[in-house]
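User: Please take a close look at one part of this model, the aromatic rings and what surrounds them, and describe it in a connected way.

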Amino acid sequence: MSAQPDHVPVAPYAPAPGAPAELLAQLRADRRADRWVPAFEQEWTAALEESRRSFSLAGLYEVVQVWQARLASAPAVDAFLASGKDDSGFVDLEEIRSRRR
């Protein structure tokens with residue numbers, strides 16, 4: 001019998017040290033920069049404050065990961081919107097939330 005685990009633990013996501021600056025440059029170059037840059041900066045600032053309190057980088061990593069995914073999926077979203085396909089069958093979460101209030 002082995003004392004080794006039978007599975008390999010998943011390493012937590014850790015972006016490269018320059019990833020936030022690179023991401024911000026990409027956001028500034030995007031056509032949505034007027035909305036996305038302030039939103040990213042606000043989320044980054046909040047995560048930075050939390051990391052100072054908690055001594056954890058997890059929040060910062062999460063902000064980078066979410067915005068990388070958002071930026072990566074933007075061309076697919078643009079293509080869908082440009083295709084004129086009917087998206088009326090999708091659930092509007094804001095509408096659902098407002099009904100609960």
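Analyst: A charge is said to sit over a ring if NZ of Lys or CZ of Arg is within 6 Å of the ring centre and within 35 degrees of the ring normal. By that rule the charged end of R70 sits over the ring of W67, 4.3 Å from its centre. This is a predicted model, in which local features need pLDDT of at least 70 and side-chain atom pairs count only at pLDDT 80 or more, while totals for chains, interfaces and linings use all residues. Residues are numbered from 1 along each chain as its sequence is written, and side-chain values use heavy atoms, with hydrogens and water left out.

The structure holds three aromatic pairs, where rings of Phe, Tyr and Trp (its six-membered ring) pair if their centres lie within 6.5 Å, and planes under 30 degrees apart count as stacked, over 60 as edge-to-face and the rest as tilted. The ring centres of W36 and W67 are 5.7 Å apart and their planes stand at 75°, so this pair is edge-to-face. It joins distant parts of the chain, since W36 belongs to helix 2 (residues 33–54) and W67 to helix 3, 31 residues apart; helices here are DSSP runs of H or I with at least four residues, numbered from the N terminus. F40 and W67 also form an edge-to-face pair, with 6.0 Å from centre to centre and 85° between the planes, and F40 in helix 2 lies 27 residues from W67 in helix 3. Both W36 and W67 are buried, as is F40, buried meaning under 20% relative accessible area with a 1.4 Å probe and protein chains only. Taken together, ring pairs link W36, F40, W44 and W67 into a cluster.

Conventions
Helices (H or I, at least four residues) and strands (E, at least two) are DSSP runs, numbered from the N terminus. Buried means under 20% relative accessible area, exposed over 50%, partly exposed in between (1.4 Å probe, protein chains only).
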